[in-house]
Amino acid sequence: MNREKQNKAKSGKASGKQRKDKPKRKPKQQSGALKVKMKPKTQQRHKARRAGNRVFMYDPSSKDKDKFKKECSEFAPKYPLEGPISVSMTFSMPRPKSHYRTGRYSHLLKENVPSLHVSKPDIDNIIKFYLDAMTGSFWRDDASVCTIEASKIYSEEGLVEIEYWNSPE
């Protein structure tokens, strides 16, 4: 009889109350933004190196990624985002010297210079670099990024602007 009471007490049946399963909480709505003054970098292709009978794969962009991580660590959220994530990126490329006038007016832009950057580096390689660099500190996995808006523009100096938020499900 004693054991039956103990079992009932453990299961919550003795007092007539049953345990309710706690519903899973949705991840908190999080967002953030960062601006880093640097010329936008691109993701380089992974390379292979031979050492005897072995082949080692390495990422030639890893040093640049580490440098970017250090510069933007102050903007990182306390916990990495989870769930569907949306990202907006603006890459400001420094203008080439040919966009400026000469001589006394060398600080002024020529007429009819473009505002959008339409030459190399490719925007998809730039996006990949920053998504990979921010993985682990800003979000758990870059595969959870479901929406991306990105643009390349000209400006006086290089600048990377990234805004991110949890997408509603």
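How many salt bridges does the structure hold? The structure holds seven salt bridges, a salt bridge being a side-chain nitrogen of Lys or Arg within 4 Å of a carboxyl oxygen of Asp or Glu. Side chains of opposite charge can pair when their charged atoms come close. The model is predicted, and local features need pLDDT of at least 70, side-chain atom pairs count only at pLDDT 80 or more, while totals for chains, interfaces and linings use all residues. Residues are numbered from 1 along each chain as its sequence is written, and side-chain values use heavy atoms, with hydrogens and water left out.

Helices (H or I, at least four residues) and strands (E, at least two) are DSSP runs, numbered from the N terminus. Helix H3 has twelve residues, 123-134, and the distance from its first C-alpha to its last is 17 Å, close to the 16 Å expected at 1.5 Å a residue; the expected span is 1.5 Å times one less than the number of residues. Among the buried residues of H3 are Ile126, Ile127, Phe129, Tyr130 and Leu131. Here buried means under 20% relative accessible area, exposed over 50%, and partly exposed in between (1.4 Å probe, protein chains only). The cover over the buried residues of H3 includes helix H2 (62-72), along with strands E1 (31-36), E4 (85-94), E5 (145-155) and E6 (159-166). After H3 comes Gly136, with a positive phi near 100°.

Two packed helices are described by the angle between their axes and the distance between the axes. For H2 and H3, the angle is about 60° and the axes are 9 Å apart; axes are lines fitted to C-alpha atoms, for helices over the stretch in contact, and angles run from 0 to 180 degrees between N-to-C directions. H2 and H3 are therefore oblique to each other, as angles under 35 degrees count as roughly parallel, over 145 as roughly antiparallel, 65 to 115 as roughly perpendicular and the rest as oblique. On the H2 side, Asp64, Lys65, Phe68 and Lys69 make the contact, and on the H3 side Phe129, Tyr130, Asp132, Ala133 and Met134 do, with contact meaning heavy atoms within 4.5 Å.

The side chains of Lys65 and Asp132 form a salt bridge at 3.6 Å, N to O. Lys65 lies in helix H2 and Asp132 in helix H3, so this pair ties together parts that are 67 residues apart in sequence. Both Lys65 and Asp132 are buried. Another salt bridge joins Asp142 and Lys128 at 3.5 Å, N to O. Since Asp142 lies in the loop between H3 and E5 and Lys128 in helix H3, the pair ties together parts that are 14 residues apart in sequence. Asp142 counts as buried at 18% relative accessibility, whereas Lys128 is partly exposed, with a relative accessible area of 37%. Through shared partners, salt bridges join Asp59, Lys65, Lys128, Asp132 and Asp142 into one network.

Glu161 and Lys35 meet through their side chains in a salt bridge of 3.8 Å, N to O. This pair links distant parts of the chain, with Glu161 in strand E6 and Lys35 in strand E1, 126 residues apart. Glu161 is partly exposed at 25% relative accessible area, and Lys35 counts as exposed at 56%. Glu161 is also in contact with Ser92, a residue of strand E4 that counts as buried at 3% relative accessibility.

Notes: Lists of a residue's contacts leave out its neighbours within four places in sequence.
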